[in-house]
Amino acid sequence: MALSGFAVLAACSCSSGGDDSAGVTLTLLAYDSFVEPESLATFTEQTGISVEVARSGDTGTLVNKAILTKGRPEGDVLWGLDSNLLSRALAEDGLFIAYESKALEQLDPSVTALVPGHEVTPVNVGDVCLNYDRAWFASRNIAPPDTLEDLVTADFKDLLVVQNPATSSPGLAFLLASVARFGEDGFVGWWEQLRANGVRVVDSWDTAYYDEFTAGGGTGSRPIVVSYASSPPATIIYAEDPKPTEPLTGSVEASCYRNVEFAGILDGTEHEDAAQQLIDFLVSETFQAELPLTNFVYPVRTGVALPDLFERFARPAATPLALDPTEVGAKRDQWITTWTDTVLG
Amino acid sequence: MPWLLAVVPVCFLGLFFVWPVASIIARGLDAGALGDVLGSSRLRGIIWFTFWQALLCAAITLAVGLAPAIVLARYRFPGRRVLLAVVTVPFVLPTVVVGSAFLALLPTGWHRTVPAVIVAHVWVNISVVVRTVGSAVAQLDPALGDAAATLGAGPLQRLRHITLPLLAPTIGASGAVVFLFCFTSFGIVRLLGGPGRPTLEVEIWRTTTQLLDLRTAAVLALVQLVLVVSLMGLWAVFSARSAQPTGARPLGNLRSPSTTAQRWLTGITALATALVVVVPLVVLLTRSLRPSIAGWSLDAWRAVFGRASTTGRPTVDAPWESLLASLRIGIVATLIAATVGTLAACAVAGARRGGRLLDTGLMLPLGTSAVTVGFGLLITLDTPPFDLRGTWIMIPLGQALVALPFVVRVVLPALRSVDPGLREAAATLGAAPLRTWLEIDLPVIRRALGAAAGFALAMSLGEFGATSFLTRVGNETAPITIARLLGRPSQLNLATSSALATLLAAVTLLAILAVDRLRGEQGAGF
C-alpha cells in the first residue's frame with residue numbers, strides 16, 4: 001500500500017508538469033459486463049496514456065455510485081451512463097466536466113442532440129427488442145409476432161417472458177417501449193391484456209434468457225423473450241464449429257426501444273487533458289468498429305461498417321421506439337409503480 | 001490486558017464497518033423517514049415476509065439436517081469424510097449458480113414461488129446444521145449414553161433424555177445462523193422468488209442501487225440491523241450456555257455402527273444426504289457438457305482453460321484464471337479474518353462487560369446488507385490516507401468482514417473451555433502472558449482456529465454480493481466471472497459458466513477436505 005501511495009504521488013507530479021499526458025494512468029469506470037476492446041492498447045501506444053478498467057455492478061449501481069462520490073470520483077472517465085439515467089445524472093451539478101469532442105460532428109446527430117451541453121459524449125446505441133425462437137415457430141407453422149399488438153392475441157398466449165422493469169434494464173426498456181407505442185394513457189391497458197394473456201415476469205435478463213426462453217439452452221418453455229437486437233448473431237458467434245449459417249433466434253423490429261450510452265469525464269479527476277484524449281478515442285473509428293463484436297452494441301459514429309453477421313442478421317431498427325430522456329427521468333419511477341400494481345399486484 | 005487485545009478488532013470494525021454504515025444511514029435519514037417508511041403497508045409486508053420465510057427456512061433446515069448431523073458425527077463408515085465435505089459445497093457455491101441449478105430441477109409450477117426459495121435455502125444451509133451440531137455431538141461424553149444404556153434406557157430414551165437436551169444450545173445456535181442466512185439472502189431470492197416477493201435485502205439493493213432512494217434504504221437498513229441484533233443477543237445467550245470448561249479432553253466418540261438398526265440408520269441417512277446434496281451439482285456438470293443443442297462435448301471445458309480454437313469464444317478469456325484470483329483473495333481474507341477474529345475472541349473471553357459489546361458489534365456485518373456496507377465505504381474511505389477505493393485489498397477486507405463473526409463464534413467457545421486454573425498455574429510458575437497463551441490456550445484452540453479459517457476461506461471463495469458492489473480493477477473472482485459469462489446470450493457461455501462453477505465446487509471441496517484433515521478426525525464444526 002505504501003508502494004501504491006508512492007505511485008500515485010509520482011503520477012501526480014508528472015501530470016502537473018504541463019499538458020504532456022504521457023505516462024498517466026486513467027481509470028475508466030464501467031459496469032460489470034463491459035468487455036474491453038483490444039484497441040484500447042492502441043490508444044496507449046499512440047498517447048502513452050494507460051487505461052485501467054474498474055468495474056462495479058450494473059448500470060444503475062455504477063451511476064448512483066458516481067453521484068454519491070461526486071467531487072471525489074473513483075476514476076477519471078465513466079463509461080455506460082444510459083439515456084434512462086441521463087437526466088438524473090445531469091441534474092447533479094459538478095458530476096461531469098463538459099467536453100466538446102472534435103469528433104462530435106462525425107456522430108449521429110439524433111444522438112448528440114440529447115446532450116446539448118456536452119456534459120457527456122454518446123458512445124454507443126443499443127436496441128432492446130423481442131427475440132423469438134425461430135425453430136419453435138417454424139416447427140409449429142406459426143408466424144412469429146410482428147408487432148407489440150400481436151402479443152395480446154390468443155395466438156401468443158403463454159409464450160412471452162419479460163424482465164421486471166424495477167430490477168432489470170432491458171425490462172425497463174420494454175416498459176418504456178410500451179409507453180412510447182401506446183402512450184402514457186394506453187400502456188396500462190396493454191399490460192393488463194398481456195397479463196391476462198399469460199406474460200411471465202422474472203427479475204433479470206439471464207434468468208429470462210437461459211432459464212425461461214426456449215432457445216436459451218436451459219429447460220425454458222417461452223419462445224419469446226425481451227433481449228437485444230444484437231442477440232441473434234451471438235447465437236452464431238458463440239456457437240460450436242461447424243457454426244450454423246442462420247441464427248437460432250430472430251428479433252421483432254417493431255418492438256425495439258433505443259437506448260443510448262454515454263461516457264463522461266468525472267469532475268475531480270487530476271488528468272482532465274488525458275481524459276479528453278480518451279473520450280476522443282472512444283468515439284474514434286477504430287474503437288467504434290470493435291463495439292458490435294465485443295459489447296454487442298452499435299457505433300454512434302456514422303460511416304462505421306458493421307461486421308458481416310450484424311449486417312445480415314442484426315441491423316439496428318430503422319425507426320426504433322424512443323422517449324425523451326427528460327420525460328423518462330421525471331416519470332420513470334411512477335411508471336414502474338403503475339406497472340408493478342398492474343402486472344404483479 | 002483484554003483492552004489491549006481489543007484495539008485491533010475495534011479499529012477494524014470501526015473503520016471498515018461502523019463509520020461507513022453510520023455515514024450512509026445518516027445521509028439518508030431524516031426526522032420523518034422512519035414514520036413514512038414504516039407507514040407504507042407494502043414495506044411492512046416486505047419486512048413480515050422476510051421474517052416468516054427465514055423462520056420457516058430455519059425450521060425445515062434443522063429438521064432435515066439433524067439426522068445427518070448426528071449420524072456423521074457418531075458413526076464411522078466408508079466415505080464419511082468426503083460426505084462431510086460434499087455437504088459443505090452448496091454453502092459456498094455462488095447464488096447465481098444455485099438459482100439456475102434449481103430452476104432446471106424444480107417443476108415449472110414451482111418457479112417464482114416461495115417454496116422454491118425455501119427449498120434452495122435449505123439445500124444451501126444444510127451444512128451449517130450438519131457441521132455445527134455434528135461438532136457438539138462429537139464433544140458429548142459417550143460415558144453418559146453408556147451409563148444410561150447400562151441402566152436399561154433404549155436408544156429413543158437416550159436420544160430424548162440425554163442427547164437432545166445436551167445438544168439443545170447448539171441446535172438453537174445453528175438454527176439462529178440459518179435464520180440469519182435466509183433472512184439476509186439476496187441472490188436466491190432474486191432468482192427463484194420472482195419479482196412480486198422481495199425481501200428486505202432485495203429491497204435495500206433496489207432502493208440504493210436502482211432508485212438512489214437513500215431515505216428508504218436507510219430506514220430498511222436500520223430495521224434489518226435491529227432485528228438481527230436482537231437475534232444475535234439470543235444466540236449469544238445460547239452459546240454462552242453451551243460453553244462449559246471441559247479442558248483439552250481428547251474426543252473419542254466416533255464408533256462403528258454395531259447393531260443392525262444402527263447400520264441401517266447410518267446407511268439410509270448417508271445415502272439420502274448424499275443424494276439431496278449431489279443432484280443439483282450433477283445438473284451443473286451436465287450443463288457444462290452440452291455447449292450447443294447439437295449434443296455432448298468437452299468444448300466448454302476447453303473454453304474454461306482458454307483453449308477455444310476449435311469452437312466459439314466465450315465472453316471471458318481463460319475463465320479458470322479467476323479461480324486463482326479467488327484463491328489469492330480468499331487466502332488474504334482468511335488471514336485477516338483469522339487474526340482479527342482470534343484477537344477479538346481473546347478480548348471477549350478476557351473482558352467482562354465490554355466483551356459482550358464487542359461480541360455483538362462483531363456480529364453486525366452479518367446483518368447488514370452488502371450494498372449498505374459497499375456504498376458506505378464508498379463515501380467514507382475517500383480521503384487519503386484511507387482512500388482504499390478500487391484497491392485490491394478492499395475485496396479481501398470486505399470478505400473478511402463477513403467471515404469475522406464466524407471466526408469469533410467458533411474460537412470463543414474453545415477459549416472459554418480452557419481451564420482458568422491452568423493459566424493461573426502457568427502464571428504462578430512465572431510464565432509471561434504471551435508464553436501462557438502460546439503454551440496453554442493455543443494448543444486448545446488450534447483445531448477451532450483451523451476450522452474457523454476453513455470456514456472463512458470457503459465463504460470467501462463463493463462470496464458474490466460484497467465483491468460485486470466494490471469497484472474492481474482486474475482481480476475478477478470466480479463467482480463474478482460466472483455472472484459475467486451468464487451476461488451474454490449463447491449456450492456456450494451457459495456451458496462455460498457451468499464448467500467454471502463445477503470447478504469452483506471441486507476446488508472448494510478440496511479446500512474443505514484439506515482443512516478437515518488438518519484439524520484431525522473429530523469435531524466437524526465450521
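In the predicted model described here, Ala54(A) lies opposite Val473(B), a residue of S1(B). Strand S2 (residues 50-55) of chain A and S1(B) run antiparallel and are joined by 2 bridges; strands pair if DSSP finds at least two bridges between them. Helices (H or I, at least four residues) and strands (E, at least two) are DSSP runs, numbered from the N terminus. Residues are numbered from 1 along each chain as its sequence is written, and chains are lettered from A and ligands from 1 in the order in which they are written. Because the model is predicted, local features need pLDDT of at least 70 and side-chain atom pairs count only at pLDDT 80 or more, whereas totals for chains, interfaces and linings use all residues.

The contact involves 47 residues of chain A and 49 residues of chain B, two residues being in contact if their C-beta atoms, placed from the backbone, lie within 7 Å. On the side of chain B that touches chain A, the elements giving two or more residues include helix H5 (95-105), helix H16 (370-380) and strand S1 (472-473). H22(B) gives the most to this side, with 4 residues.

Chain B has 22 helices and 1 strand. Its C-alpha atoms fill a box of roughly 65 × 60 × 45 Å along the principal axes. Among contacts in chain B between residues at least 6 apart in sequence, 84% join residues at least 24 apart.
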